Amino acid sequence: MAGRNEPCPCGSGKRYKDCHGSLGAQARVGFVIAGTQKGGTSALASYLFEHPEIAMPTVKEVHFFDNEDNFQSAPVDYARYHAYFKPAERRKVLCDATPIYMYWDAAPPRIWQYNPAMKLVLLLRNPITRAYSQWNMERERGSDPLPFEQAIRTEAERCREALPLQHRLYSYVDRGFYSDQLRRIWRYFPVEQTLVLKSEELQHAPEAALARITDFLGIARFAAVAPRSVHARPYQGPMSAEARRYLCDVFEFEIRNLERTFGWNCAKWLEAGA
């Protein structure tokens, strides 16, 4: 470890005490909840907040590695990132829970440059219901006036306004192609540094899912825990049969690919009432 007044090993050009050393005993953030939006990440973060060995940031989603302003010039000012973590906390692991990192093209290489040893936890939800949940959130916020079926059928055209970046609001369908996002992550991080879970695992069997996560992180397991729902929003109504059929056609190959990759059974994802 560098001395407090020596240059930080990350290459920022800052003194260690003003960069990674600003976290006190903890050198850097050690794992991220990197996906997926509306996949149960808020519930997971709420569990982890209660773990005595994990330090969570002062906000649920830091949005450091998907913020283009943070990477306009070199070296990157990681002190801005570390400011979200309380230096006084002496915890074994620091966690950043920002689910868009999985979807944002530039996030994985930026995370790797910051910490090649980073561990990533990824919750994957049925992409069909995930899309509807994201649209419902944006509808409730007043960010999208279009009905769901119109929104998903015109998504590609609407998202062009954000090019060359991804669209943060209207990417209902695009965010559901998990395989491409995982391949991008695995280009930078070994598979062994990632843990991919179905959202249903945390929702229906949280104790087992959290045991997998704590074992993955090398920390103590939780005591008994009960299922919880965080930031669940009421729906105006169920997804229309027409929209569901459309999304089943769009995502069938993707869902079958996830089954092959992870040995999952995702048949319920494609059922009419799923």
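Residues are numbered from 1 along each chain as its sequence is written, and side-chain values use heavy atoms, with hydrogens and water left out. Since the model is predicted, local features need pLDDT of at least 70 and side-chain atom pairs count only at pLDDT 80 or more, whereas totals for chains, interfaces and linings use all residues.

The chain contains eleven helices and five strands, where helices (H or I, at least four residues) and strands (E, at least two) are DSSP runs numbered from the N terminus. Of the 274 residues in the chain, 49% are buried; buried means under 20% relative accessible area, exposed means over 50%, and partly exposed lies in between, with a 1.4 Å probe and protein chains only. Among contacts (heavy atoms within 4.5 Å) between residues at least 6 apart in sequence, 71% join residues at least 24 apart.

In soluble globular proteins, nonpolar side chains tend to be buried together. A nonpolar core is here a set of buried Ala, Val, Leu, Ile, Met, Phe, Trp, Tyr and Cys residues joined through side-chain atoms within 4.5 Å. The largest such core holds 52 residues, of which Phe64, Phe65, Tyr81, Tyr101, Phe148 and Leu247 touch the most other members. Helix H11 gives this core its largest share, six residues. A second, separate core has 24 residues, among them Ala97, Leu195, Phe216 and Leu217. When residues up to four places away in sequence are not counted, Tyr81 touches Val29, Val32, Val62, Phe64, Phe65, Asp96 and Tyr114.

Leu210, which is placed in helix H10 (residues 206–217), counts as buried because its relative accessibility is 1%. Apart from residues up to four places away in sequence, Leu210 is in contact with Leu44, Tyr47, Leu202, Phe222 and Val225. Between Leu210 and Ala223 there are 13 residues of sequence separation and a C-alpha to C-alpha distance of 9.9 Å.

Helix H8 (residues 178–188) and helix H11 (residues 241–262) have axes that come within 9 Å and cross at roughly 45°, the axes being lines fitted to C-alpha atoms, for helices over the stretch in contact, with angles running from 0 to 180 degrees between N-to-C directions. H8 and H11 are therefore oblique to each other, since angles under 35 degrees count as roughly parallel, over 145 as roughly antiparallel, 65 to 115 as roughly perpendicular and the rest as oblique. In this pair, Tyr178, Ser179, Leu182, Arg183 and Trp186 of H8 meet Glu254, Asn257, Leu258, Thr261 and Phe262 of H11. The residues of the contact divide into five nonpolar, three polar and two charged, where Ala, Val, Leu, Ile, Met, Phe, Trp, Tyr, Cys and Pro count as nonpolar, Asp, Glu, Lys and Arg as charged, and the others, Gly among them, as polar.

Two cis peptide bonds can be described, one from Ala74 to Pro75 with omega near 0° and one from Leu163 to Pro164 with omega near 10°. Pro75 lies in the loop between strand E2 (54–55) and helix H2 (78–82), while Pro164 lies in the loop between helix H7 (155–159) and H8. The loop between E2 and H2 also holds His63, a residue other than glycine whose phi is positive, near 55°, and which counts as partly exposed at 27% relative accessibility.
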